[in-house]
Amino acid sequence: MTSMRSSSGEDDVLASSSLARRARGGSGARGGRGPGRGRRPSAGGARPGAGGLRWSPLVRHDLSVALRQVLPLMLAAVVLLVVAMPVSTAAIPDVSILNLDYTHDQMKFRFWLDDLTYPVVLGVALLGVALGMRAFGFLLAKREATAVLSLPLPRATLFATRAVACAIALVLGIGLPLAASLVANVAALGVWPGLFGQFAYVLCGLLLTGGVACAVGVVACAVAGTSFEAASLSAALLSGVSVAAWGVNAVMDWMLLGNAFGERLSGGLLVSASLVDVTAPANPLLFFAGEAARHHSFVVQHPVYYPLPGSWGPLALWLLALVALVALGCLLVCRRRGEAAGIAGLGVALPLVVGVVVGLAAFGATFTLVARVGVAAAVVASFAVFLAVSLALLLGPFRGRAPMRRTMSILAAETAVLACVMLAIGTGGLGYSSAVPAADEVESASVSYAGSPSYLATRLDEAKAGNGPYYYHATYRFEDPESIEIVRSVHEQLISSGSSPLGEDRLDFPGSVMPYDVVVRYAMRDGRQVVRYYDRAPMRALGAICALDGTAHGRELARAAVSGDLSALDDEAAAGLGPSPSRQAFARGDIYVSDRLYANPMLVSCDAQARVELLSALAQDVAEQDVEDRYHPRGTCRGVLMFSQAGQSDAESFSYNVENSVVYLTDEFRRTLGWLEEKGLGQYLSLEDEASAVGEVTVQRYAPFDGMNAFTDPQSVYFMGYRATTGNRFFCMQDFGTRFSTDDPAQVRELLGLARNAYYLDGGAFLVSVRLAGQQAYTYLAIPADEAPEWLVRAAS
């Protein structure tokens with residue numbers, strides 16, 4: 001910040017005083033016999049605030065002084081914003097608008113790099129505050145305040161000249177770099193419809209951001225006694241909404257069940273906007289940040305070929321707010337007592353505002369850091385830090401002249417309000433955590449799908465897959481009453497389990513709580529959106545989600561994923577089918593057929609007509625398949641079909657990855673099995689004697705939380721069989737525990753007769769590694785816990 005006690009500033013003030021004396025017709029307090037001697041100066045000065053802006057030599061000189069004061073800040077802003085705008089968008093080779101390999105003739109304009117949106121907005125706000133404090137900083141220095149306020153100019157005129165200087169500096173400091181970026185865009189990409197409208201909208205938004213920040217700086221100078229107080233108050237007023245929203249969001253993240261604000265999936269995808277983003281329209285610092293991010297550039301993406309117009313309504317409201325702030329600043333400047341300059345602690349509101357904002361920032365930071373140790377410890381530590389910081393401010397730099405009793409009362413009131421907010425959040429957010437919308441109020445319901453990834457009819461939000469373990473996140477949307485009721489039931493189960501710790505429940509295995517991303521979203525009939533996020537779920541709730549496969553819409557989605565027929569889907573569901581990896585695998589992937597031990601997988605040569613026939617038969621079988629047969633089959637499967645876009649690499653393991661779809665053929669797949677028999681492929685579905693093809697079987701209990709390899713990241717509960725080259729590739733690894741191995745033919749036959757290629761593990765299971773005789777290969781299967789023989793339970797537990 002530039003000091004208002006600089007020699008240049010004093011010279012300007014003294015020059016103004018000299019000019020003022022000449023305007024009064026004398027050379028000093030005693031000299032001169034001008035026509036105005038002995039009369040009250042017409043320009044006024046006796047009454048603070050009297051008169052208006054008259055274009056006299058003194059006014060022109062005062063304006064020139066103000067312009068010289070803000071000129072260095074304006075030049076610095078021009079330099080920095082030129083780097084942030086035209087230089088960043090045109091001069092960096094890899095991402096330059098001049099680079100056709102980067103724009104692909106799809107980018108039509110870009111005023112600055114996407115990553116610089118927040119730095120640009122915050123830089124404009126900083127420029128505004130600096131201009132306001134530089135132009136009105138004379139109010140904070142005793143000598144300058146005396147000199148300026150003694151000028152024969154009304155206070156309103158003094159305010160107006162400096163406000164005009166700030167406005168000119170803002171327009172040039174922001175407008176010149178943005179205009180240079182506009183010229184660079186026109187030269188590189190030409191003129192695209194909407195370009196100049198977007199330029200005008202972005203320019204107005206940035207000017208308004210700078211103007212509001214400047215007005216806040218002026219108000220702070222008029223209220224504070226020192227530069228430190230003014231800078232602190234400006235920062236507190238501008239950042240107060242952000243700090244409060246961030247602090248509350250940090251507490252909600254740990255203490256509010258179902259909180260979706262600012263939450264992210266395990267892979268980093270944002271679930272819902274944070275409270276900082278939600279409150280941005282009312283935030284003097286960030287009200288234009290979101291709009292700047294949306295309108296500073298445009299890339300043609302079907303079906304949007306032209307930029308959408310900006311939202312001028314919110315800008316109009318902030319313009320009114322700016323007018324109000326300017327009026328308030330003018331009023332405060334006119335009523336400012338000159339003797340207050342340089343004296344700290346005169347205001348009561350200033351330490352209150354600064355103390356609350358700084359205290360909340362310290363509270364939120366402490367809570368975020370300590371919450372990983374424990375929520376209770378975080379609460380205690382956060383309140384301790386809040387009290388310590390607030391006391392340090394109120395008894396230190398912002399002590400002021402208020403009685404100690406009043407200071408302590410203010411601090412006690414702040415602490416009580418904060419405690420009430422914490423109590424409200426910790427007890428369910430005034431019904432937020434326990435609320436499940438009534439079915440008749442819901443237009444549609446969406447939920448994170450937890451079933452088979454082979455028939456996904458929507459895009460993947462995120463996914464990870466290895467040789468055995470895998471996880472994906474995808475969202476299904478339902479409008480039919482049956483599906484909505486299932487989603488509501490799942491939601492109620494998630495609420496009932498609360499924030500239960502992760503772990504296995506040996507007495508009630510379906511109640512075991514797994515790390516899992518579950519997002520429940522309702523579109524209400526009144527236009528509202530209700531969103532809840534859970535980072536864990538009991539296995540029972542995950543299994544309940546699979547019931548959606550049995551609804552009419554769920555069956556139609558699976559059928560469409562296989563066949564590609566969109567006739568029964570609405571526009572939104574049909575749009576989601578295009579990026580579905582399952583649909584792409586069925587449509588274009590290589591087809592492999594295998595026995596259930598993956599001993600002899602075969603590539604199927606299939607022309608276009610044969611593929612259509614196969615997919616038609618498979619789609620009907622999948623649509624009619626019983627949900628229990630898919631997730632808890634009553635017996636072993638007949639064989640396996642895989643549609644893979646990765647080809648031979650997938651055929652070596654038959655494990656699920658994002659580029660394939662694996663179908664486990666049970667007796668319910670009558671049409672598909674018939675087609676395979678008709679084409680002479682049925683012989684590849686089975687082995688003549690499975691037991692003779694097996695050298696040894698190793699079994700371990702499915703225990704996701706035993707030992708150092710306990711699950712901490714989400715993994716799918718739906719087991720899908722796979723093949724590996726070693727016998728220690730269980731997807732659920734144990735660092736200790738009991739494993740049982742046998743090569744006894746009778747036991748091998750019994751175990752193979754119980755082992756499933758695919759099974760939902762919500763009821764518990766035993767994982768099986770089958771060594772194939774004569775091969776360096778192992779097949780991994782699962783035995784349901786409720787079907788395991790007693791001798792196996794004793795041996796492998």
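User: How many disulfides does a search of the whole structure find?
Analyst: Zero disulfides turn up in that search. Keep in mind that this is a predicted model.

User: Is Cys 166 buried or exposed?
Analyst: Cys 166 counts as buried, because its relative accessibility is 3%.

User: And Cys 606, what's its relative accessible area?
Analyst: For Cys 606 the figure is 22%, so this cysteine is partly exposed.

User: Switching to the sheet. What's the strand order in the four-stranded open one?
Analyst: The order is S6-S3-S7-S8, with antiparallel pairing.

User: Which strands stand at the edges?
Analyst: Those are S6 (475–478) and S8 (529–538). Each has a single partner strand, so one side of each has no neighbour in the sheet. From one strand to the next, the twist averages 20 degrees.

User: How many bridges are there between S7 and S8?
Analyst: Nine bridges, in the antiparallel sense, with S7 covering residues 513–524.

User: Which residue in S8 is the bridge partner of Pro 515?
Analyst: Pro 515 is bridged to Arg 536 there.

User: OK, and which helix lies across these strands?
Analyst: Helix H15, residues 481–497, lies across S3 (442–448), S6, S7 and S8.

User: At what angle does H15 run to S8?
Analyst: H15 runs at about 55 degrees to S8.

Technical notes:
Residues are numbered from 1 along each chain as its sequence is written. This is a predicted model: local features need pLDDT of at least 70, side-chain atom pairs count only at pLDDT 80 or more; totals for chains, interfaces and linings use all residues. Side-chain values use heavy atoms; hydrogens and water are left out. A disulfide is a pair of cysteine sulfur atoms within 2.5 Å. Buried means under 20% relative accessible area, exposed over 50%, partly exposed in between (1.4 Å probe, protein chains only). Two strands pair if DSSP finds at least two bridges between them. Helices (H or I, at least four residues) and strands (E, at least two) are DSSP runs, numbered from the N terminus. Axes are lines fitted to C-alpha atoms, for helices over the stretch in contact, and angles run from 0 to 180 degrees between N-to-C directions. Contact means heavy atoms within 4.5 Å.
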